[in-house]
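Please examine the sequence and the model shown here before reading the report.

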Amino acid sequence: MKYRHLFGPVNSRRLGFSLGVDVVPYKYCPLNCVYCEVQRTTHLTLRREEFFPPEEIIAELTDFLSGAPALDYITFSGTGEPTLYSAIGRIVSFIKASFPQYKLALLTNGVLLNDPELRKEILPCDLILPSLDACHQNVYKRINRPHQELKVANLIRGLAALRHEYDGAIWLEVFIIAGINDTEAELNCLVKAISKIKPDRVQINSLDRPGAEDWVKPAGVRVLGHVQRYLQERTPFPVEIIAKVHTEAAELEIPEDIEQGIAATLARRPCTAEDLAQIMGIHINEVSKILRQLHSEDKVWVKREARGVFYSWNH
Ligand code: SF4
């Protein structure tokens, strides 16, 4: 069976061996984060929709999970915001009822969690990983470029409400951009927000691959260490740095046929990761991982154009 919604399993730093479930079309999101590795948001929306028939996703999950694969998590993630999918509750209930041996995780920007109905739908998840990168509205706008109706105060309220109702684990991600959200004023405000949200862990992240905007750079070890200590000394929750150490280079064995396919395509014309995913029938997350690896080996070069980041084969 060819999967449209499942990708991986990928070996994820945070989640171990994780099967990705992508339930929204490419770049439907209420935010347009400057660091987004899937590039700029093309559909900035707050409207929850049934983008795909749930039966389609359930059929893929049934097919894959019936083989009893070893997984650490099944994870809602992908190229947009999973909670925009109005049938996510049906998929959550299906997995928990039919394959209760698997743990279920949700990667979310959290902005829709003010909706009590949505919170109820995701309660059976074992782990929720929301994001909070800023606390003042002007910083939130600068980093996350939210839909015009969104206020960061409501995001914090939604996350606190989730904590109140949800018994599972919450790992709160804070993405640091040096000079923007590592100031004392912002960190103080984050301390207050974290105290309300009461996550089980705070995870500090930074840029690991090309983001939506060129000016975003990885935060250095010193900045990340300062943020970690600042938050750790002022909150009772474990605070850890999850930003990748950039010396982890050759970690991926790329199958020869996939590398040849990418080489043949890019030799003819430069493509974005999305173009390649469509041409080769591989999920964009897999393509991005392979392109990152090829880039680190100098086999492809990268150029940013109006339509996105283009890759060319380096002859
Ligand atoms: S990082 Fe996540 S929340 Fe931000 S724009 Fe990308 S998909 Fe949306």
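The report below covers the domains, the sheet, a hairpin, some backbone features and the ligand shell.

## Basis of the report

This is a predicted model, in which local features need pLDDT of at least 70 and side-chain atom pairs count only at pLDDT 80 or more, whereas totals for chains, interfaces and linings use all residues. Residues are numbered from 1 along each chain as its sequence is written.

## Domains

The domain assignment divides the protein into domain 1 (6-241) and domain 2 (256-313), the bounds being those of an automatic or database domain assignment. The centres of domain 1 and domain 2, taken over C-alpha atoms, are separated by 26 Å.

Between the two domains, 12 residues of domain 1 are in contact with 11 residues of domain 2, where contact requires that C-beta atoms, placed from the backbone, lie within 7 Å. The side of domain 1 that touches domain 2 comprises 4 nonpolar, 4 polar and 4 charged residues; in this classification Ala, Val, Leu, Ile, Met, Phe, Trp, Tyr, Cys and Pro count as nonpolar, Asp, Glu, Lys and Arg as charged, and the others, Gly among them, as polar.

## The eight-stranded sheet

An open sheet with mixed pairing is formed by 8 strands in the order E1-E2-E5-E6-E7-E8-E9-E10. Strands (E, at least two residues) and helices (H or I, at least four) are DSSP runs numbered from the N terminus, and two strands pair if DSSP finds at least two bridges between them. E1 and strand E10 (239-241) stand at the edges with a single partner strand each, so one side of each is left without a neighbour in the sheet. From one strand to the next, the twist averages 25 degrees, with axes being lines fitted to C-alpha atoms, for helices over the stretch in contact, and angles running from 0 to 180 degrees between N-to-C directions.

E1 and E2 pair in the antiparallel sense over 5 bridges, and Val10 has Ser18 in E2 as its bridge partner. By contrast, strand E5 (residues 73-76) and E6 pair in the parallel sense over 3 bridges, with Leu104 in E6 as the bridge partner of Ile74. Strand E6 (residues 104-107) is covered on both faces, since Leu104 and Leu106 on one side and Ala105 and Leu107 on the other are all buried; a residue is buried if 20 or more other C-beta atoms, placed from the backbone, lie within 10 Å of its own, exposed if 12 or fewer, and partly exposed in between.

## A hairpin

Strand E11 (residues 300-305) and strand E12 (residues 308-313) pair in the antiparallel sense over 6 bridges, forming a hairpin with 2 residues between them. Phe310 in E12 is the bridge partner of Lys303.

## Backbone features

Most residues other than glycine have a negative phi, and most peptide bonds are trans. Gly8 and Pro9 are joined by a cis peptide bond with omega of about 5 degrees, and Pro9 is found in strand E1 (residues 6-12).

Lys27, although not a glycine, has a positive phi of about 55 degrees; Lys27 lies in the loop between strand E2 (16-21) and strand E3 (28-29) and counts as buried, with 20 C-beta neighbours inside 10 Å. Lys198 has a positive phi of about 50 degrees and lies in the loop between helix H6 (184-197) and strand E9 (201-205), but with 15 C-beta neighbours inside 10 Å it counts as partly exposed.

## Ligand shell

The ligand is surrounded by Cys29, Leu31, Asn32, Cys33, Cys36, Val38, Thr41, Gly80, Glu81 and Asn109, a residue being near a molecule or strand if its C-beta atom, placed from the backbone, lies within 6 Å of it. By class, this shell around the ligand divides into 5 nonpolar, 4 polar and 1 charged.
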